[in-house]
Amino acid sequence: MKRADITVPLQIAEYAELSAEDRALVDAARQATYRSYAPYSRFSVGAAILLSNGETVTGSNQENAAYPSGTCAERTAAYYAHSTYPDAAFKTIAIAARDTSGAFTRTPTAPCGACRQALLEYETLAATDVRVILAGDNEIFILPSVRSTLPLAFCEFA
C-alpha cells in the first residue's frame, strides 16, 4: 500500500496587500452579503466573480424554509454569470461572509462542497484556472484555482 499526501497551495494576505482589482472584487463580495436572505442561519455570504470580459457578477445566499430549496452565494453568482455572459470565462471569484452577529467573519469562509463542484464545472468549461479569494475580516486566503479547493473532484472520475 502506498501513501500520498494532497497539499493545497495557499497565499495568506491582508486586505491592504491585494491588488486594486482584487480589493474591488473582495469589496463586491462583501457588499453582496448585505443582499443575502438568511433568516434561518443568520450567516450571510456574498460572492463576486470577475469575468474575462471585465464584468463583475455578484450573488448572495438565499435561504428557504423548505431546506434545501435555498442556494449558496457562489452558485447564485456562477449561474447568473454564465446565463448572462455565456462566452465569458470566470477569472477570479471572491467570497466573503458575515456571522450571526452581523460582523465579517474573522477568518475566511470556504465554499461548501456543492459550490466547489459547481464552480469546477465552469473552470473546466473555460479550460483555465479560476483564482479563488476567501476574504475574512482582514486575513485573506488566495488559491490558484477552484481545483485546488477540491483535489479529488467528481469530474476527474466520470
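This report describes selected residues, contacts and backbone features of the structure above.

The structure is a predicted model, in which local features need pLDDT of at least 70 and side-chain atom pairs count only at pLDDT 80 or more, while totals for chains, interfaces and linings use all residues. Residues are numbered from 1 along each chain as its sequence is written, and side-chain values use heavy atoms, with hydrogens and water left out.

## Salt bridges

A search of the whole structure finds two salt bridges, where a salt bridge is a side-chain nitrogen of Lys or Arg within 4 Å of a carboxyl oxygen of Asp or Glu. Side chains of opposite charge can pair when their charged atoms come close. The pairs are set out below.

| Pair | Distance, N to O |
|---|---|
| Arg3 and Asp5 | 2.8 Å |
| Arg131 and Asp22 | 2.8 Å |

The pair of Arg131 and Asp22 links distant parts of the chain, with Arg131 in strand 5 (residues 131-135) and Asp22 in helix 1 (residues 20-32), 109 residues apart. Helices and strands are here DSSP runs, numbered from the N terminus, a helix being H or I with at least four residues and a strand being E with at least two.

Asp22 counts as buried because its relative accessibility is 8%, whereas Arg131, with a relative accessible area of 26%, is partly exposed. In the other pair, Arg3 is exposed at 72% relative accessibility, and Asp5 is exposed as well, with a relative accessible area of 55%.

Asn61 is placed in the loop between strand 3 (56-60) and helix 2 (73-84), and it counts as buried because its relative accessibility is 8%. Its side chain makes a polar contact with the side chain of Ser36 at 2.6 Å; a polar contact is a pair of N or O atoms within 3.5 Å, of which, within protein, one must be able to donate a hydrogen and the other to accept it, and residues adjacent in sequence count only if both atoms are side-chain atoms. When neighbours within four places in sequence are left aside, the residues in contact with Asn61 include Ser36, Tyr37, Phe43, Val45 and Cys72, contact meaning heavy atoms within 4.5 Å.

Ser145 belongs to the segment after strand 6 (139-143) and is buried, with a relative accessible area of 8%. A polar atom of the Ser145 side chain lies 3.5 Å from the backbone nitrogen of Arg147. Not counting residues up to four places away in sequence, Ser145 touches Glu123, Asp129, Val130, Arg131 and Val132. Arg131, one of these residues, is also the salt-bridge partner of Asp22.

Glu121 and Ser145 are 24 residues apart in sequence and 12 Å apart in space, C-alpha to C-alpha.

## Cysteines

The structure holds zero disulfides, a disulfide being a pair of cysteine sulfur atoms within 2.5 Å. Cys112 is in no disulfide, and the nearest cysteine sulfur, that of Cys115, is 3.7 Å away, which is too far for a bond. Cys112 is partly exposed at 33% relative accessibility, whereas Cys115 is buried, with a relative accessible area of 0%.

## Backbone features

The peptide bond from Tyr67 to Pro68 is cis, with omega near 0°, and Pro68 has its place in the loop between strand 3 and helix 2, where Asn61 is also found.

Arg42, although it is not a glycine, has a positive phi of about 60°; this residue lies in the loop between helix 1 and strand 2 (44-51) and is exposed, with a relative accessible area of 51%. Ala127, likewise a residue other than glycine, has a positive phi near 55°. Ala127 is found in the loop between helix 3 and strand 5 and is exposed, with a relative accessible area of 70%.

Terms used:
Buried < 20%, exposed > 50% of the residue type's maximum accessible area, 1.4 Å probe, protein only.
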